[in-house]
Amino acid sequence: MTAALVALAGAVIAASGKATQPRPVLRWTPGACVTGELALTACNGGDSEVLALASDPPGPGECPADTDAVLRVGAGRTACVRNFLEPHPGDPGRGGGVLRPGDCVTLDGRERACSRPGWYGRALALAVEPAGCPDGTLDTLDGESQVVCLGRGGQVLDRGSCVAEPATDVIARSAVTRVPCDSPHAWARVLSFEVAPARCPPSSRRYLRADEGYRPVTCLDVLSK
């Protein structure tokens, strides 16, 4: 009888120890793992990793450049997340993550995958103001908290580019249509960009002017028809 009681007591103790085993506490911290449903999980079953925590919305430089997604994880807080495996929408030109050089943007400064139509230009750099853009900048757009410096690509005009004839004398930048120079719709070729019309080359017979533009005056040579 005594032996049986001792064995039973041992079984109760063992079961009690198993029931009180602490569970791991999951917190939104760098290195934590996230499921495909964007929930915290143990790192033996996650799809992505938290790279950093940032404010909501993240300020410039708060999320690493290779961030694939930004998740809201609490009042005033976000998590910058990177997938373990492809796809990586945060890579340059993929349309996700944080805006970075190589990404394509629409006229309102929002990122769009370069493989999709409708983007205006490709980011060359990001700056606090247009004066901080590097050499090679052809245009700028105002982003949420920074200026997007645009290089070649998309609808951004460059010297030698051709444009279709505007429907009116006063148009928005979005209405300036870049076309191939051998197109029947090609109306004029871009000669230079100046701060005032008086500085256009002598061969420039027309110009486009944008009050808010990085290069306000676009000097044009009207093509012979």
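**Note on the predicted model: sheets, core and local backbone**

1. In the protein chain, residues 24 or more positions apart account for 36% of the contacts with a separation of 6 or more, a contact meaning heavy atoms within 4.5 Å. This is a predicted model, in which local features need pLDDT of at least 70 and side-chain atom pairs count only at pLDDT 80 or more, whereas totals for chains, interfaces and linings use all residues. Residues are numbered from 1 along each chain as its sequence is written, and side-chain values use heavy atoms, with hydrogens and water left out.

2. On confidence, the protein chain averages a pLDDT of 84, and 85% of the residues score at least 70; pLDDT is the predictor's confidence in each residue, on a scale from 0 to 100. Over residues 1-16 the pLDDT stays under 50, and for this stretch the model has zero contacts beyond four places in sequence. Where pLDDT is low, the predicted coordinates should not be read in detail.

3. The protein chain holds one helix and 15 strands, where helices (H or I, at least four residues) and strands (E, at least two) are DSSP runs numbered from the N terminus. Of its 225 residues, 35% count as buried, that is, under 20% relative accessible area, with exposed set at over 50% and partly exposed in between (1.4 Å probe, protein chains only). The accessible surface comes to about 13,400 Å², of which 54% belongs to carbon and sulfur atoms; these areas come from the Shrake-Rupley method with a 1.4 Å probe, and for residues only the protein chains shown count as cover.

4. Strand β3 (residues 48-55) and β5 are paired in the antiparallel sense over seven bridges, and Leu53 stands opposite Ala79 in β5.

5. Strand β4 (residues 69-74) is joined to the antiparallel strand β5 (residues 77-83) by five bridges, and Arg72 stands opposite Thr78 in β5. The hairpin of β4 and β5 has two residues between the strands, and Gly76 takes a positive phi near 75 degrees there.

6. Another open sheet is formed by five strands in the order β7-β6-β8-β10-β9, again with antiparallel pairing. Here β7 (111-112) and β9 (139-142) stand at the edges, each with a single partner strand, so one side of each lacks a neighbour in the sheet. Four bridges join β9 to β10, the two running antiparallel, and the bridge partner of Asp142 in β10 is Val147.

7. The largest nonpolar core has 10 residues in all, namely Leu157, Val163, Val176, Trp187, Ala188, Val190, Phe193, Leu208, Leu220 and Val222; such a core is a set of buried Ala, Val, Leu, Ile, Met, Phe, Trp, Tyr and Cys residues joined through side-chain atoms within 4.5 Å. Strands β13 (186-194) and β15 (217-222) each supply at least two residues of this core, the largest share, four residues, coming from β13. Residues up to four places away in sequence aside, Leu208 touches Pro166, Val176, Pro216, Val217, Thr218 and Leu220.

8. Ser161 is found in the loop between β10 (147-150) and β11 (162-164), and with a relative accessible area of 4% Ser161 is buried. A polar atom of the Ser161 side chain lies 2.9 Å from the backbone oxygen of Asp158, and a polar contact of 3.4 Å joins the side chains of Ser161 and Arg178. A polar contact is a pair of N or O atoms within 3.5 Å; within protein, one must be able to donate a hydrogen and the other to accept it, and residues adjacent in sequence count only if both atoms are side-chain atoms. Not counting residues up to four places away in sequence, Ser161 touches Arg178, Cys181, Ala188, Arg189 and Val190.

9. Some backbone geometry deserves a separate check. Most residues other than glycine have a negative phi, and most peptide bonds are trans. The peptide bond from Asp56 to Pro57 is cis, with omega near -5 degrees, and Pro57 has its place in the loop between β3 and β4. The bond from Glu86 to Pro87 is also cis, with omega near 5 degrees, and Pro87 is in the loop between β5 and β6 (104-105). Leu38, a residue other than glycine, has a positive phi near 65 degrees; Leu38 is in the loop between β1 (33-34) and β2 and counts as exposed at 52% relative accessibility.

Conventions:
Pairing = 2+ DSSP bridges.
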